[in-house]
Every structure is written in C-alpha cells, then in structure tokens.
Amino acid sequence: MPLLEFPDDMYVLRPGEPAMYGFDPMVKRYAEHLKAFMGEDEWLVRRDKIAHFFYQSLVGETVDSSGKGQFFNNKDQFGWYLFLAEAFNDHPQNYEVIYGSRVIPIFATLGRNLDQLLSVEGYETRLRRLMSSDRSQPNGGFFEFLVATAYVCDGYKVAFHPEKRGIARSHDIDVQKGDVCFAVECKRMEGGEYHEIERQRMRDLWQPACMLQVSTGNSSYFDIHFKIALPDVSNNYLYEKARQFVDSGKDNLLFDDNTARGIIRELDIKPLQEALKETYWLHPGPQFTEKLLGSYRRYDSHLAVQKIRYASNPHFIDEIDQAVVARWTSLSEVAIERKARDVFSKVVDACKQLPSDVPGIVHVGFETLGGDEIEKRRYQKIKSKIRNFDAKGKPLTAIICHAFSPEASPTETWAFDETCIYQCFGYNTLPLSKITLVVPDDGPLNDGVHW
C-alpha cells in the first residue's frame, strides 16, 4: 500500500477477522483513559504521525535519527506506547510485538489499578506533563505511576510531591499510613549509558563485515561472544573474521582468541522460504527470527541485513532472498561492572533528592536484557553495592531495585518477569508488603531471581 495513503480500515479489524493477540480488557481500560484525557482530535493526529513513522521505518524510507534503529520518533515516545496499547486490542495488524512486550504489561497493571491511581493527589497534573512536555521520555512517569499505585494498594495515602522546576530538585511522591510518613524518589533507567555504548560499537564493528558478506550474495550467520569490552575491540576485528570465512571457501569458520569466541557459517534460509510460500510472516518478530536462524534465544541481541519483499502490509514479509545476521553477547568483567554501576549511579542521584527531615525510600527500575549469565553477575554486584550504601546523613529507609524482564517469544505474545533487589536501613521490614510493581497479586511468585 502507498505509505501515505492508509486504507480506511487501517485502525480496525475487518468484519469477522479474529484478533491476532486476543483481548486484554485492562490494557484497553488504561489506553481509553489516556485517549480520553488527551482528547480524540489530538490523538487521531498523533496516531497518524506515529503510524507513518512506523511503516516508513519498516521499509527504510525513514531513518531513526537516534541511530538505534527504532520504529518510533523519540519526540513522541508516549504516543508510541499508546499506539501499541491501542493496536494490541483494536488493530493488531499494526502491533509491534517486540517493543510491545515492554509496554503491554505496564498498561495492563495501570488499567487493573486505575481506580487506585486516580485517588493519588497530583496524578492528573503529572499525566498532563507526561503527555506533553515529557512525551519523549515517558518511562520515568509510568514508573512513578506504578510505584504510587503499589503504595495505595498497601493502604497508604499517596500524593505526588509538588515540583519546583528550575528552583530545586525534590523527591517524587509523599506517602503516609497513620503516623508513618515517607518521601519516595523514583528513578527509571533508560537502558543504561554503557548498554548504548555497546550497541553503537557493535553496529560500527558489524557494518564492514556485513557488507562483505552481502557482496557474496550468500546468506550467513555470525554467532559472537565477546571476552573483552566492545570499545576495546579493534575496528577491523569482525571484518577480518568475515574475510577469512569468505576466502576459505568453507561452510563455517570457528574462532576462539583473546577477543571473542564464535562461529561464522552459511545460513540456510530455505525453511523460511518454504514457510513464506504458505503465508505471510510478521516481521520483525520472534517467530520469524526462530524460523530464520533455527532457534530462539531469550534476550537476543542481533543485527540483520535482509533482501526481502514485503506483503501489501509491510509489517509482513512475502519473500526473502538473502540474510546476513549477527547474534552477539558481551561477557567481559568490564561490561558487567559498568552495567551494574549504571544502576548504582541512579541510587546515588535519587538519594540526593530526598529530604533530610523525612525518612526516604528509593525505587530504581531497569530492564534486564543482557542474558541470564550477565544478569546473575550484575545482580550480585548491585546487591553488594546497595548493602554498603552511604546515604550521606539522609534518613534513608530502603532501596528497592526493580529488575524488569519483558519478552516476546515464539509461543507467547508477551511475558514479563520482575525481580526485586532491596536493602533496608534501620528497619527490620520493608515499607511495602508486596514490592513487585507489575506482577499481579495472583501471579506466580518465587523466591530467588527470575533468571
């Protein structure tokens, strides 16, 4: 379809068409709440802009200015979240399953607890700012809503603390139960500085190697596990491996040196080509990736260049002729230490915003997308750091870190795990009887970590 001429049924299901992902009434409830607060006229304009950016990004007509390969404009990430939540139920042909797995659980939780959230003093003021001036960075606002809801559900009276922008930085939320009061500060990590450094470095390392493989006309697969920090990898490391593979004339190249271990091999795309003869396949998506690479990995980090033909809706693939794909992990001690330090720096910043005359609580939220082995080690580093945290005289009561693990797998539209890492100071018990923010009360809870 011409990208600037969306069909009349762009945002609806056709008569008799089944919903691809089922129906979640709580996601619907919170999405409708946000749309009503925003106003229909404004939402329809923003929705069209978001849809055009999404589809033009899919086919390469629009390039994400951030360099991250995103399907949305950073200037309206809030609108992108609302677009995904609406699409999930109402027009699933437009729903992006990978990013959506990070959004839908949050909307489901807020929809389930909307009555409690509406009781929080200052909520509408905070929401209005989230829709407008803070629309490019909504994660912090939604995280505050989750935290506020948890305290309301635990019997606290909750209010967003009045802000003094441009005058002084203060905490986010005031909570009170009887004579007990706490000042709560929330910090939501945006992937982490070092995480983004790694991703950009991998793109730079991958580009020349990828272009060499593309020039052969053959499909190939790189599976790389770095032993040293990616910024320390030589600029031509992957290109030299690719050149060795091409020059060898063999169907695979194994390597294991001081920099990395891995394999480059021919990629058989025939199973996917045969599947495409039967029906279109959603792209990008975990089922497409599993069929292409022959396996699915949780927390997969991969880059790909593919020669494909889109279906009439370019969110789906009709044919594929070539694919060059790299899967990669970063296992160095430097990388793990830096990622743990990113979390700890948020704790330090949060503590600075707490008052000196009211007991304080810090909540930090972050996503665990580095793979199980990395997250196990990062967990221990974070736990060690917060155990010995120096609050610099502030009456800090507790630090609670929420490790979120969103996932879209070949068998589930979305799944969500949450592990809490916490430390109390001067109190024997936590201020909340249930410290998870997203997992529902009737959801499965286990001791230990989700990885």
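**Charges over rings.** I looked up R47 and found it over the face of Y11, at 3.8 Å from the ring centre. I note here that the model is predicted. I then turned to K385, which sits over the face of F344 at 5.4 Å from the ring centre.

**Aromatic pairs.** I searched the whole structure for aromatic pairs, and the search returned 26. I describe such a pair by the distance of the ring centres and the angle of the planes.

I took F72 and Y99 as one entry: their ring centres are 5.3 Å apart and their planes are at 75 degrees, so I logged the pair as edge-to-face. The cut-off I needed for that is an angle over 60 degrees. I placed F72 in the loop between helix 2 (40–58) and helix 3 (77–90), and Y99 in helix 4 (residues 97–112). The two are 27 residues apart in sequence, so the pair ties together separate parts of the chain. I checked burial for F72 and Y99, and both are buried.

I next looked up F78 and F142, an aromatic pair that is stacked, with 5.8 Å centre to centre and 10 degrees between the planes.

**Helix packing.** I looked at how helix 1 (residues 25–38) packs with helix 3: the angle is about 130 degrees and the axes are 9 Å apart. That angle makes helix 1 oblique to helix 3. I logged the crossing of helix 1 and helix 3 as left-handed.

**Backbone exceptions.** I kept in mind that most residues other than glycine have a negative phi, and that most peptide bonds are trans. I found a cis peptide bond between H283 and P284, with omega about 0 degrees. I located P284 in the loop between strand 7 (281–282) and helix 11 (286–293).

I also noted K392, which is not a glycine and yet has a positive phi of about 55 degrees. I placed K392 in the loop between helix 13 (372–387) and strand 11 (396–407). Is K392 buried or exposed? I read a relative accessible area of 70% for K392, so it counts as exposed.

**Strand 11.** How many residues of strand 11 are buried? I counted 12 of the 12, so strand 11 is largely enclosed by the rest of the structure. I then listed its pairings. Strand 10 (residues 360–367) runs parallel to strand 11, and eight bridges join them. For one contact I looked up H363, whose bridge partner in strand 11 is I400. Strand 12 (residues 415–424) runs antiparallel to strand 11, with 10 bridges between them. On that side I noted A403 opposite T419 of strand 12.

I picked out I399, which is found in strand 11. Last, I computed a separation for I399 and I228: 31 Å in space from C-alpha to C-alpha, and 171 residues in sequence.

Conventions. Residues numbered from 1 in each chain as written. Predicted model: local features only at pLDDT ≥ 70, side-chain atom pairs only at ≥ 80, totals over all residues. Heavy atoms only, no water. Phe/Tyr/Trp six-rings, centres within 6.5 Å; stacked < 30°, edge-to-face > 60°. Helix = DSSP H or I, 4+ residues; strand = E, 2+ residues; numbered from the N terminus. Buried < 20%, exposed > 50% of the residue type's maximum accessible area, 1.4 Å probe, protein only. Lys NZ or Arg CZ within 6 Å of the ring centre and 35° of its normal. Pairing = 2+ DSSP bridges. Axes fitted to C-alpha atoms, helices over the stretch in contact; angles between N-to-C directions. Parallel < 35°, antiparallel > 145°, perpendicular 65-115°, else oblique. Left-handed = near helix turned anticlockwise from the far one by under 90°.
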